[in-house]
Amino acid sequence: MGIKVHLDVMMAQKGIGLVELANKIDITPANLSILKNNKAKAIRFTTLEAICRELDCQPGDIIEYTKE
């Protein structure tokens with residue numbers, strides 16, 4: 001996959017758990033888990049914005065493009 005999601009790394013750095021972050025950004029823990037585990041096919045900009053707001057980071061801290 002060309003897009004890698006590093007949400008787990010950012011969450012660990014900020015000391016926030018999956019359920020806590022899910023509640024703060026108004027998304028189900030199951031859907032956040034799909035994103036965290038690199039299984040998502042897409043992400044809404046509103047969700048990405050909420051994640052960045054809560055984790056105080058930039059989109060590039062969470063999402064990375066790598067050549068296959």
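Predicted model: local features only at pLDDT ≥ 70, side-chain atom pairs only at ≥ 80, totals over all residues.
Visitor: Where should I start with helix α2, and which of its residues are buried?

Guide: Start with the general idea. An α-helix has 3.6 residues a turn, so residues three or four places apart point the same way. Now the case here. Helix α2 runs over residues 18-25, and L21, A22 and I25 are its buried residues. These three cover an arc of only 100° around the axis, which puts them on the same side of α2.

Visitor: Which residues is I25 in contact with, leaving aside its neighbours within four places in sequence?

Guide: There are L32, A50, I51 and E54. I25 and L48 are 23 residues apart along the chain, and their C-alpha atoms are separated by 9.5 Å.

Visitor: Now two helices together. At what angle do the axes of α2 and α3 cross?

Guide: At roughly 110°, and the axes come within 9 Å. Angles of 65 to 115 degrees count as roughly perpendicular. So α2 and α3 are roughly perpendicular to each other. The crossing also has a hand: α2 passes α3 in a right-handed crossing.

Visitor: Which residues of α2 and α3 meet?

Guide: On the α2 side, L18, V19, L21, A22 and I25 take part. On the α3 side, the partners are P29, L32, S33 and K36. Sort them by class. The contact of α2 with α3 has seven nonpolar residues, one polar and one charged.

Visitor: Let me pick one from α3. Is P29 buried, partly exposed or exposed?

Guide: Buried is under 20%, exposed is over 50%, and partly exposed is in between. P29 has 31% relative accessibility, so P29 counts as partly exposed. P29 is found in helix α3.

Visitor: Which residues does P29 touch, leaving aside neighbours within four places in sequence?

Guide: P29 is in contact with L18, V19 and A22. Take L18 as an example. P29 and L18 are eleven residues apart in sequence, and 6.5 Å apart in space, C-alpha to C-alpha.

Visitor: And α4? How do the axes of α2 and α4 cross?

Guide: They cross at roughly 120° and come within 10 Å. That angle makes α2 and α4 oblique to each other. The crossing of this pair is right-handed. From α2, the contact is made by L21, K24 and I25. From α4, it is made by A50, I51, R53, E54 and L55. By class, the contact of α2 with α4 has five nonpolar, no polar and three charged residues.

Visitor: What about the backbone? What is the phi of D26?

Guide: First the background. Most residues other than glycine have a negative phi, and most peptide bonds are trans. Now the case. Phi of D26 is near 60°, a positive value in a residue other than glycine.

Visitor: Is D26 buried or exposed?

Guide: Exposed. D26 counts as such because its relative accessibility is 74%.

Visitor: Which loop holds D56, and what is its phi?

Guide: D56 lies in the loop between α4 and α5 (59-62). Its phi is near 50°, again a positive value in a residue other than glycine. D56 has 64% relative accessibility, so D56 counts as exposed.

Visitor: Let me try α1. Which of its residues are buried?

Guide: They are L7, M10 and M11. They cover an arc of only 100° around the axis, which puts them on the same side of α1. The face turned away from that buried side carries the exposed residues A12 and Q13.

Visitor: What covers the buried residues of α1?

Guide: The cover includes β1 (3-5), α2, α3, α4 and α5.

Visitor: Which residue follows α1?

Guide: G15 does, and its phi is positive, near 70°.

Technical notes. Residues numbered from 1 in each chain as written. Heavy atoms only, no water. Buried < 20%, exposed > 50% of the residue type's maximum accessible area, 1.4 Å probe, protein only. Helix = DSSP H or I, 4+ residues; strand = E, 2+ residues; numbered from the N terminus. Arc of directions from axis to C-beta. Axes fitted to C-alpha atoms, helices over the stretch in contact; angles between N-to-C directions. Parallel < 35°, antiparallel > 145°, perpendicular 65-115°, else oblique. Left-handed = near helix turned anticlockwise from the far one by under 90°. Contact = heavy atoms within 4.5 Å. Nonpolar A, V, L, I, M, F, W, Y, C, P; charged D, E, K, R; others polar.
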